[in-house]
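Please look over the following points with the coordinates open. They go element by element, then to the ligand and the domains.

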Amino acid sequence: MSIVTEKLLPTLESQPAPSTIPLLDLKAQYLYLREEISRALQDVADSGTYVLGSRVREFEEAFAAHIGARHCVGVNSGTSALHLALITAGVGVGDEVITVPMTFVATTWAISYVGARPVLVDVDPVTYTMDVGQVERKITARTRAILPVHLYGQPADLAPLLEIGRRYGIPVIEDAAQAHDARYHGQGAGTLGFAGCFSFYPGKNLGAYGEAGAIVTDDDCVAARLRRLRDHAQGQRYHHDELGFNYRMDAFQGAVLGVKLRYLDAWTHARHRLAAGYRERLADLPLQLPTEACDLRHAWHLYVVLHPERDRLRCELEVLGISTGLHYPIPVHLQRAYSHLGYREGDFPVAERIARECLSLPLFPEMTAIQQDQVVAAVRTLLREDPV
Ligand SMILES: Cc1ncc(COP(=O)(O)O)c(C=O)c1O
């Protein structure tokens, strides 16, 4: 029996089993918004326009205004957003794009879709975002974009990346799929580079009720091309000047997102309160807690702690009724799909350590104080002799 289990068993025997705390609770949020969402969906059904249309346009305008971008182009997923952003940045077959191994694999899928090669640099051991000190030495004559990921909702250190991009004439595309409402030096994450890509997958900080995503940009021509590309590259109906895609956002998702956007500020505040609660009450434990780098606003999409015995901790939290997540257990360079890149275990030690040790604790805006107390108590019970 493990030390942790020995400590846990008396607790389990002496207390009633706690209710399950989910990693996130989409149903709780839906119940709160039910009336508004139902009305918005009914409006779409009544309108007879089910793809793009006024609901999507209204959401695009509201989201662009919310984060401080000139244009927002709604698409059908974050993956499609990255794909189209890379195309409009001129990335193509044989090119290289610099990104990180610690991300959801969609970041590198998009690079592969355009026929380019992901060139990886490790992440920073404190912020878990792109280690900007490693970028310049990876630039070659084929480098066509730098693609930092705002992992877990924390913006990558964009100022030095933008400076490198300016010096070499290489666009920076932000993977802001996890960073709605995050800020970097006062500016909305996603708005600082050539383009910013968002996912509205249901579990995201701003989530649709299906698949959806968006690209934001300040460039009028890029926005116009993105609008054509997502719609079979039609400027004029049935006139296709280049290879296009069916990446359109559907009207139901536009309507849901339009309703939910009005709550995003309040939800981000709630996430901050919960993240501060974890920091205060877990700081003395043998865990590496996430930090918020100075002069930026974390979106706290995920609250990820590192622990050397992550798998055991995870199982024992599950026994105590606490669900957790792994973001992400296998870094991109060790995925079989990317074996052709020739990377080996040991190439990116920070990403590999995060993959081994990461554990996402429950954090969602509707999480109650009682639920957080339960998570904190369980973690403390498992990691300390004297739980409080
Ligand atoms: C960092 C990152 N990039 C891209 C994506 C892809 O977004 P989608 O699932 O909407 O295609 C995700 C989604 O999880 C993500 O977390």
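1. Helix α7 spans residues 220-229, helices being DSSP runs of H or I of at least four residues and strands runs of E of at least two, both numbered from the N terminus. Val222, Ala223, Leu226 and Leu229 of α7 are buried, that is, under 20% relative accessible area, where over 50% is exposed and anything in between partly exposed (1.4 Å probe, protein chains only). These four cover an arc of only 125° around the axis, so they sit on the same side of α7; the arc is that of the directions from the helix axis to the C-beta atoms. An α-helix has 3.6 residues a turn, so residues three or four places apart point the same way.

2. The model is predicted: local features need pLDDT of at least 70 and side-chain atom pairs count only at pLDDT 80 or more, while totals for chains, interfaces and linings use all residues. Residues are numbered from 1 along each chain as its sequence is written, and side-chain values use heavy atoms, with hydrogens and water left out.

3. What covers the buried side of α7? The cover of its buried residues includes β1 (71-75), α4 (78-88) and β9 (213-217). At the start of α7, the backbone nitrogen of Cys221 has a side-chain oxygen of Asp219 within 2.9 Å. A polar contact here is a pair of N or O atoms within 3.5 Å; within protein, one must be able to donate a hydrogen and the other to accept it, and residues adjacent in sequence count only if both atoms are side-chain atoms.

4. Helix α8 (residues 251-261) is largely enclosed by the rest of the structure, because nine of its 11 residues are buried. Among them are Gln253 and Lys260, as well as Val256, Leu257 and Val259. The buried residues of α8 pack against α2 (26-47), α3 (53-67) and α9. At the start of α8, a side-chain oxygen of Asp250 comes to within 2.8 Å of the backbone nitrogen of Phe252.

5. Ala270 belongs to helix α9 (residues 264-282) and is buried, at a relative accessible area of 8%. Between Ala270 and Trp300 there are 30 residues in sequence and 9.7 Å in space, C-alpha to C-alpha.

6. Arg310, in helix α10 (residues 310-319), counts as buried at 6% relative accessibility. Glu357, in helix α11 (residues 349-357), is buried with a relative accessible area of 11%. Leaving aside neighbours within four places in sequence, Glu357 is in contact (heavy atoms within 4.5 Å) with Val305, Leu306, His307, Pro308 and Arg310. With residues up to four places away in sequence not counted, Arg310 touches Leu326, Ala355, Arg356, Glu357, Cys358 and Leu359.

7. Which residues come nearest to the ligand? Of the 16 residues around it, they are Gly78, Thr79, Asp175, Ser199 and Lys204; a residue counts if one of its heavy atoms lies within 4 Å. An oxygen atom of the ligand is 2.6 Å from a side-chain N or O atom of Lys204, and a nitrogen atom of the ligand is 2.8 Å from a polar side-chain atom of Asp175. A backbone N or O atom of Gly78 lies 2.8 Å from a ligand oxygen atom. The ligand taken alone exposes 390 Å², of which the protein buries 92% (Shrake-Rupley method, 1.4 Å probe).

8. The chain is divided into domain 1 (3-22 + 264-383) and domain 2 (30-261), with bounds from an automatic or database domain assignment. Their C-alpha centres lie 26 Å apart. The contact takes 36 residues from domain 1 and 42 residues from domain 2.
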